[in-house]
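Visitor: Hi, could you walk me through this one? I'd like to start with the sheet and then look at some rings.

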Amino acid sequence: MSVEGGGTLIVAEAGVNHNGDEALALRLVDEAARAGANAVKFQTFRAGDLAASGAAKADYQKRACGAEENQQTMLRRLELSFALHEKLMRRCSARGVAFLSSPFDLPSIDLLVSLGLKLFKIPSGEITNLPYLRKIGELNREIILSTGMSTLDEVKTALRILEEAGTPRGSVTLLHCTTEYPAPLAEVNLRAMLTMREVFPGVRGVGYSDHTSGTAVPVAAVALGATVVEKHFTLDKNLEGPDHRASLEPHEFAFMVRAVRDVEAALGDGGKTPSPSERKNMAVVRKSIVAARDIRKAEIFSEENLTTKRPGGGLSPMLWDAVLGGRAGRDYARDEAIEAIEAIEAIEQFTGEPGGLPCGDLPCKSSPLDSRKADMLRRQETAASAERSGPTPGRARTIAVFTGTRAEYGLLKNVMRAVMARRDCRLRVMASAAHLSRAHGMSLDEIVRDGIPVHDAIPILDGADSPLAVCAAMGDGLKRYGEALNGARPDVLVLLGDRYETFAMAAAATACGVPLAHIHGGETTEGAFDEAFRHSITKMSHLHFTSCEKHRERVIQLGEDPARVWNAGSLGVENALSRKQPPEEEVRALLRLGPEQLYIVCTFHPATLEDADPERQCRVLLEALEVFSDYALVFTGANADPGGAAINATLAEYADKNSKRCRFFMSLGSRDYLAAVRYAACVCGNSSSGIIEAPSLGVPVVDVGSRQKGRERADSTLHCDVEPEAIRSAVARALTEEQKRLAETTANPYSTAGTAGFIAETLARHPLEHILKKHFYDLDLISAFRRSG
């Protein structure tokens, strides 16, 4: 079980704080959900199977409930009936939280299995119970193992028993715990979490079960990397019962949840780079090299006529040594910023490396810089030039690339790398929208892991996905994108596709006078509002790279100059064909599927121009796929369009209830997604990847509904309406040997070699002078119509 967006799983440990009262137990669920818990956990036991008749109470139980009765008598009052288990599960589902319960004996394991529980929490007291561990291990379910009172050797033994019984280590999350109520702070030893993470590689995660009296320790555990935090929860600490006094009341629990989420947000990605809010202050508090007095053209720069002053944004003072001794290329007034071109020419004198600029009469330095200093100067010049006021002929171009989603980044990645590999270009990556949203997988991490620097991280999403939220995101984006572009001033900005955040960036670039290069224009998707955004972006753009010839013709039909429109082919197809696919066994391990299990990959996005409810359409799709019980279903998350969150919740719930054959991934990443498609029996849904990339991988495709209506498609791609019988019929046909052979041999209309390299070459070399002023290219449609008639 995981939290959408990868956050910490926060478990409200209701335990036995219901005191055997059904109404109190149901209220615990309601209040825990209201306080922000992701799951509510109870305890399942039969008093006679859990404790012997003469078992004494623990000291903390005696303090809370008295010492007169024995442990078994106390526990009988706290048992939950089977019927109440069912009610609690239904209440949890209605409140949007997961139901969990710790079984304390073998019959209780059977009870939870009969209820369909997919995750089992093993309490600390059972970590040395061999028959108990073996029985749970044989279930091969997801497990949270609490390790209170345990040594590392005992944890190691428990893991071995679970693995030998059939549960892989990757399905087990370990919880550090101090089993005392309340636990003394001096005995908490949070660093034991770090030890377990190091000693037990391969576990699903390491978390913390807290028994302290406050909220500071679980919040600190999150800062140390806890993937799960569990905390006892009560409605009133003064109620009678063994655990109330060591629990949090609703307002305290809500405070802890907010603190945990604040810490998660503050942890960041670990990269040391200026934050978006810092960037607007850089020019204010940093300095530039400026004239200390009036300087005449050809005068030698010296410490007497140069100084450093605010604001920044000009030539960095880190280039001080490179500028000294050079000659001024023009007159400078006092306090006027020295232009970057002066430093470029001086660096060439230092290093002997040409940059495409004439050296003029600059004198050579008497002693060369060592290589490390030269490298430093080149890096500083690169950073400084990114903030210039506009392109300068003969100087390396700054190519900005905007990305807002994981799928879009997967397509643009090779273009970014091709630009980075060129000496005549500098890449500036601007990431926004879903990349910075935990609800959509926080895919900014994927870009960082790929070694591609992100210069501008611009959050615009607040978690909502209603039409009004889309409007708010676009408005916020327009302002923030304009600020980023005004500071960066790239020579050209690359946009791909048709997303609403891409449209906002195009509008901001148009207002800021930044030339646009658009990829994947000229396509049609009649079921989504992306259609209008795509054609609008085309009209705001100046260079166009389409995915097939028909799309190139459409862009020209929209009035764009044919000399600036190229059929470059599809980046997605190039990725699919050029990328080395991981072995099938590695892909199956990632998808948690057996070696012989056939599977279908399914991605379903909202059709934003339809009146139909996206969640209802998703349930129609799931209903249709029910009959293909011999196939596992691998779902990937919907995008950030209106209705996407409802689809994702529906898929996650369905996958949780059908965990034997279903897997749900909010984001697989481009590499793993294409690999999953490569070995699939077929692809089903309404993602553009099914239309564009999948045919090149030889996989049958079923396109459902109207979202992709109008796109060019391979002959092997099947289409059906969002109707159960239509979907079943199309999928059944896709799974036939005949359709598989057709998919393996059909040509893909989007396939063209060298797409990323061609785009990078054109971005680097196509003339940009006067490109902002466009003329509408008229087609002689009347003459053509008369000729055809």
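Guide: Happy to; we'll take the strands and then the aromatic side chains.

Guide: This is a predicted model, where local features need pLDDT of at least 70, side-chain atom pairs count only at pLDDT 80 or more, and totals for chains, interfaces and linings use all residues. Residues are numbered from 1 along each chain as its sequence is written, and side-chain values use heavy atoms, with hydrogens and water left out.

Visitor: In what order do the seven strands of the open sheet come?

Guide: The order is S13-S12-S11-S14-S15-S16-S17, with parallel pairing. Helices (H or I, at least four residues) and strands (E, at least two) are DSSP runs numbered from the N terminus, and two strands pair if DSSP finds at least two bridges between them.

Visitor: And which strands stand at the edges?

Guide: Strand S13 (454-458) and strand S17 (565-567); each has a single partner strand, so one side of each is left without a neighbour in the sheet. On average, neighbouring strands here are turned by 20° against each other, direction ignored. Axes are lines fitted to C-alpha atoms, for helices over the stretch in contact, and angles run from 0 to 180 degrees between N-to-C directions.

Visitor: How many bridges pair S16 with S17?

Guide: Three, in the parallel sense, with S16 covering residues 543-546. His-544 has Val-565 in S17 as its bridge partner.

Visitor: Which strands does helix H16 touch?

Guide: Helix H16 (residues 406-420) packs on the sheet and touches S11 (397-403), S12 (425-432), S14 (492-496) and S15 (516-519). Contact means heavy atoms within 4.5 Å. The direction of H16 makes about 170° with that of S11.

Visitor: Switching to rings: how many aromatic pairs are there?

Guide: The structure holds ten. Rings of Phe, Tyr and Trp (its six-membered ring) pair if their centres lie within 6.5 Å; planes under 30 degrees apart count as stacked, over 60 as edge-to-face and the rest as tilted. The centres of Phe-45 and Phe-104 are 6.2 Å apart and their planes at 90°, so that pair is edge-to-face.

Visitor: Are those two buried or exposed?

Guide: Both Phe-45 and Phe-104 are buried, meaning under 20% relative accessible area, with exposed over 50% and partly exposed in between (1.4 Å probe, protein chains only).

Visitor: What about Phe-402 and Tyr-481?

Guide: They form an edge-to-face pair, 5.3 Å centre to centre with 70° between the planes. Phe-402 is in strand S11 and Tyr-481 in helix H18 (residues 467-488), 79 residues apart.
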